[in-house]
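Below is a short briefing on one protein chain. Please look over the sequence and the model before reading the points that follow.

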Amino acid sequence: NNTFQSTTITMGEELLIEDLFQAPAGSLFSTATVSTGVEFPAYLLNLYDIDIDENSISFEVVAQEDDPTYGDLFRVLEPGTFDRYYLTFNSDQEVDAFTSSNPSVNLRIDSDRILVVEIGADYDFKPGQNFKITLN
């Protein structure tokens with residue numbers, strides 16, 4: 001599941017992405033089984049490929065520069081902006097720590113089964129951008 005929060009766009013409120021895009025509730029929610037392939041190809045209306053394995057979580061922006069949904073939104077994210085991806089697992093993940101390949105990306109460990117990838121200020125949101133969170 002995905003949420004977005006911004007001091008300018010959402011007035012500081014964390015909104016479900018469906019509310020932001022004025023889409024039906026739950027219509028952008030997605031599930032997958034962790035396997036050897038990309039679990040969420042072209043997730044969120046062709047924005048990200050999200051790949052998960054037992055040791056890492058990787059995101060790559062696959063939307064193109066002229067994408068009708070995202071083209072006007074590509075930019076360096078402002079302070080107070082958070083794009084969050086809630087990953088809920090059926091079993092405990094035993095994640096105690098992490099490292100991120102991008103200083104603007106954090107992993108919040110809400111519980112043994114809920115990990116939140118949090119993209120924040122200074123993230124260069126553009127086509128081809130990618131990052132990897134290594135799980136410990």
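A residue is called buried here when its relative accessible area is under 20%, and exposed when that area is over 50%. Tyrosine 123, at 0% relative accessibility, therefore counts as buried. The model is predicted. The points below cover an open sheet of 5 strands, the largest pocket, with about 480 Å³ of space, the second largest pocket, with about 230 Å³, and a set of 9 aromatic pairs.

**The open sheet**

- The sheet has 5 strands in the order β2-β1-β7-β10-β9, and the pairing is antiparallel.
- β2 (15-16) and β9 (105-109) are the edge strands; each has a single partner, so one side of each lacks a neighbour in the sheet.
- β1 and β2 are joined in the antiparallel sense by 2 bridges, and threonine 3 has leucine 16 as its bridge partner in β2.
- Between β1 and β7 there are 4 bridges, again antiparallel, and the partner of threonine 3 in β7 is arginine 84.
- Along β1, Asn2 and Phe4 point one way while Thr3 and Gln5 point the other way, and all are buried.
- β7 (residues 82-88) pairs with β10 (residues 114-119) over 6 antiparallel bridges; aspartate 83 has isoleucine 119 as its bridge partner in β10.
- β9 and β10 run antiparallel and are joined by 5 bridges, with asparagine 106 standing opposite glutamate 118 in β10.
- The β9 and β10 strands form a hairpin, with 4 residues between them.

**The largest pocket**

- The volume of the largest pocket is about 480 Å³.
- Its lining has 22 residues, and those closest to the centre of the pocket are Ala32, Phe40, Ile52, Thr88 and Phe89.
- β7 gives the most to the lining of the largest pocket, namely 4 residues.
- By class, the lining of the largest pocket holds 12 nonpolar, 7 polar and 3 charged residues.

**The second largest pocket**

- About 230 Å³ of space is found in the second largest pocket.
- There are 17 lining residues, and Phe4, Leu20, Tyr70, Leu73 and Phe125 lie nearest the centre of this pocket.
- At least two lining residues of the second largest pocket come from each of β1 (2-5), α1 (17-21) and β7.
- α1 supplies the largest share of that lining, with 3 residues.
- The lining of the second largest pocket is made up of 14 nonpolar, 1 polar and 2 charged residues.

**Aromatic pairs**

- The structure has 9 aromatic pairs.
- In one of them, phenylalanine 59 and phenylalanine 131 have ring centres 4.8 Å apart and planes at 15°; the pair is stacked because planes under 30 degrees apart count as such.
- This pair links distant parts of the chain, with phenylalanine 59 in strand β5 and phenylalanine 131 in strand β12 (residues 130-135), 72 residues apart.
- Phenylalanine 59 is buried, at 1% relative accessibility, and phenylalanine 131 is buried, with a relative accessible area of 2%.
- Tyrosine 123 also pairs with phenylalanine 131: the ring centres are 6.0 Å apart and the planes lie at 85°, so this pair is edge-to-face.
- Ring pairs join Phe40, Tyr43, Tyr48, Phe59, Tyr85, Tyr123 and Phe131 into a cluster.
- Within this cluster, Phe40 is also one of the residues closest to the centre of the largest pocket.

**Serine 56 in β5**

- Serine 56 lies in strand β5 (residues 56-61), the strand that also holds phenylalanine 59.
- What is the relative accessible area of serine 56? The value is 5%, so serine 56 is buried under the 20% cut-off.
- With neighbours within four places in sequence left aside, serine 56 is in contact with Asp51, Lys132, Ile133, Thr134 and Leu135.

Definitions and conventions: Residues numbered from 1 in each chain as written. Predicted model: local features only at pLDDT ≥ 70, side-chain atom pairs only at ≥ 80, totals over all residues. Heavy atoms only, no water. Pairing = 2+ DSSP bridges. 1 Å grid on protein atoms, 1.4 Å probe; cavity = no way out; pocket = protein on both sides within 12 Å on 5 of 7 lines; lining within 4 Å. Points joined across faces, edges and corners; volume = space filled by probe spheres on them. Nonpolar A, V, L, I, M, F, W, Y, C, P; charged D, E, K, R; others polar. Buried < 20%, exposed > 50% of the residue type's maximum accessible area, 1.4 Å probe, protein only. Contact = heavy atoms within 4.5 Å. Phe/Tyr/Trp six-rings, centres within 6.5 Å; stacked < 30°, edge-to-face > 60°.
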